[in-house]
Amino acid sequence: MLGRVISARRRYLALPLLTALFGAVSCSSSEDVAVPAPHGEAAQHCRALHKDLPGTVNGLKRGTPEPVSDFTAIWGDPAVKLRCGVPKPDVLRYGSEHYNPNPDAAEVNGVQWLFEKQDDGYRFTTVLRKAYVEVTVPGKYAPEVNVLTDLADAVRKTVPKGV
């Protein structure tokens, strides 16, 4: 009888420990990312990009975004977030209150990127491509532009030039 009591007590104590352990594992490998909704040709390019994305960027290991989607990817903690098929950035939309006729942009390994300073880091968005690809890089990884060197090949191969 005493053996059954000890065994039940071990199981009772092990359950909260296992729950906490699995919770910690799932938190470290995923992060919430808003999923864009590209259509047609843009969606096809984004799916191709997803398959071609590298396992690491700037030394950061790829994780699993929540919800899982062919249009998003993350690396590191805090996460570098990629979203493919996002709408045209406001700074490029004529008539938008944020419109800028001369936005800040740079070419990295054959891909043109618009860059916008955020509260903590930068948001980079491809321009002159058949789908807009957005990459948000936390300030922890300064210089934030370094991430783009590891992503440019996949973007160049899978998202053709054009507007």
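Here is a short tour, one stop at a time.

Before you click, note that this is a predicted model: local features need pLDDT of at least 70, side-chain atom pairs count only at pLDDT 80 or more, and totals for chains, interfaces and linings use all residues. Residues are numbered from 1 along each chain as its sequence is written, and side-chain values use heavy atoms, with hydrogens and water left out.

**Stop 1: the disulfide**

Select Cys-46 and Cys-84, which are joined by a disulfide with an S to S distance of 2.1 Å. The rule is a pair of cysteine sulfur atoms within 2.5 Å, and by it the count comes to one disulfide. Cys-46 sits in helix 2 (residues 40–52) and Cys-84 in strand 5 (residues 80–84), so the link ties together parts that are 38 residues apart in sequence. Helices (H or I, at least four residues) and strands (E, at least two) are DSSP runs, numbered from the N terminus. Look along the S-S bond of Cys-46 and Cys-84: its torsion is about -75 degrees, so this disulfide is left-handed. Cys-46 and Cys-84 are both buried; buried means under 20% relative accessible area, exposed over 50%, and partly exposed in between (1.4 Å probe, protein chains only).

**Stop 2: the end of helix 3**

Now pick Thr-158, in helix 3 (residues 146–158). Which residues does Thr-158 touch, leaving aside its neighbours within four places in sequence? Show His-45, Ala-48, Leu-49 and Asp-52; contact here means heavy atoms within 4.5 Å. Thr-158 counts as buried because its relative accessibility is 12%. Its side chain also reaches the backbone oxygen of Ala-154, at 2.7 Å.

**Stop 3: a hairpin**

Move on to strand 6 (residues 105–108) and strand 7 (residues 111–118), which run antiparallel and are joined by four bridges. Two strands pair if DSSP finds at least two bridges between them. Val-108 has Val-111 as its bridge partner in strand 7. The two strands form a hairpin with two residues between them, and in the turn Asn-109 has a positive phi of about 50 degrees.

**Stop 4: the rings**

Finally, show Phe-115, Tyr-122 and Phe-124, a cluster linked by ring pairs. Rings of Phe, Tyr and Trp (its six-membered ring) pair if their centres lie within 6.5 Å; planes under 30 degrees apart count as stacked, over 60 as edge-to-face and the rest as tilted. The count comes to two aromatic pairs. One of them, Tyr-122 with Phe-124, is stacked, at 5.9 Å centre to centre and 20 degrees between the planes. Phe-124 counts as buried at 4% relative accessibility, while Tyr-122, at 24%, counts as partly exposed.

How values were computed
A polar contact is a pair of N or O atoms within 3.5 Å; within protein, one must be able to donate a hydrogen and the other to accept it, and residues adjacent in sequence count only if both atoms are side-chain atoms.
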